[in-house]
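Dear colleague,

I am passing on a structure that you have not worked with before, and I would be glad if you could look through it alongside the notes below. The notes take up a helix pair and then some aromatic rings.

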Amino acid sequence: MNLALRHAVALLHHQAVPLSAEELIAILQSRWGVSYHLQFHRRAGRLYFQVMWGYLEQQSFPLDAAEYQLHLGQLAEQLNGLGVADQVRQWLLNNRDKPRLGKALSFPLPDQGRQSEFLL
């Protein structure tokens, strides 16, 4: 099902639209023109979703396209499970910054209590 149709169906059913690896890649490509590495990071008891400065199209990137797709699929599943897919989607679409060498973009995820222990 294409992305626009998925969003429309979810809105009709008053459900959050789940994220997918394909949507994450599309957002990254449309925003910055490359497929940046995404990850979770725990710091000072908080959980963050990060856009790193390394990207798939880089010769030195440690993952191939299939591994990258699998990684993003797992991240999307976890974000959907935490119920923060829409918040992360909006942050990615509206963030004015760009990752730079040594500086990741970090989005603090809402406190999920003990659920976040199972992500890392």
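Helix α2 passes helix α4 in a right-handed crossing, and please keep in mind while reading that the model is a predicted one. On the side of α2 the contact is made by Glu23, Leu24, Ile27, Arg31 and Trp32, while α4 contributes Arg89, Leu92 and Leu93. Sorted by class, the contact of α2 with α4 has 5 nonpolar and 3 charged residues, and no polar ones.

As for the geometry, α2 covers residues 21-32 and α4 covers residues 85-94, and the two pack at an angle of about 20 degrees with their axes 9 Å apart. Since angles under 35 degrees count as roughly parallel, α2 and α4 are therefore roughly parallel to each other.

Turning to the aromatic rings, the structure holds 6 aromatic pairs. In one of them, the rings of Trp32 and Tyr36 have their centres 5.8 Å apart and their planes at 75 degrees, so this pair is edge-to-face; Trp32 and Tyr36 are both buried. Trp32 is also among the residues through which α2 makes its contact with α4.

Phe40 and Phe49 form an aromatic pair that is edge-to-face, with 5.9 Å from centre to centre and 65 degrees between the planes.

With kind regards

Methods: Residues are numbered from 1 along each chain as its sequence is written. This is a predicted model: local features need pLDDT of at least 70, side-chain atom pairs count only at pLDDT 80 or more; totals for chains, interfaces and linings use all residues. Side-chain values use heavy atoms; hydrogens and water are left out. Axes are lines fitted to C-alpha atoms, for helices over the stretch in contact, and angles run from 0 to 180 degrees between N-to-C directions. Helices (H or I, at least four residues) and strands (E, at least two) are DSSP runs, numbered from the N terminus. Angles under 35 degrees count as roughly parallel, over 145 as roughly antiparallel, 65 to 115 as roughly perpendicular and the rest as oblique. A crossing is left-handed if the near helix is turned anticlockwise from the far one by less than a right angle, and right-handed if clockwise. Contact means heavy atoms within 4.5 Å. Ala, Val, Leu, Ile, Met, Phe, Trp, Tyr, Cys and Pro count as nonpolar, Asp, Glu, Lys and Arg as charged, and the others, Gly among them, as polar. Rings of Phe, Tyr and Trp (its six-membered ring) pair if their centres lie within 6.5 Å; planes under 30 degrees apart count as stacked, over 60 as edge-to-face and the rest as tilted. Buried means under 20% relative accessible area, exposed over 50%, partly exposed in between (1.4 Å probe, protein chains only).
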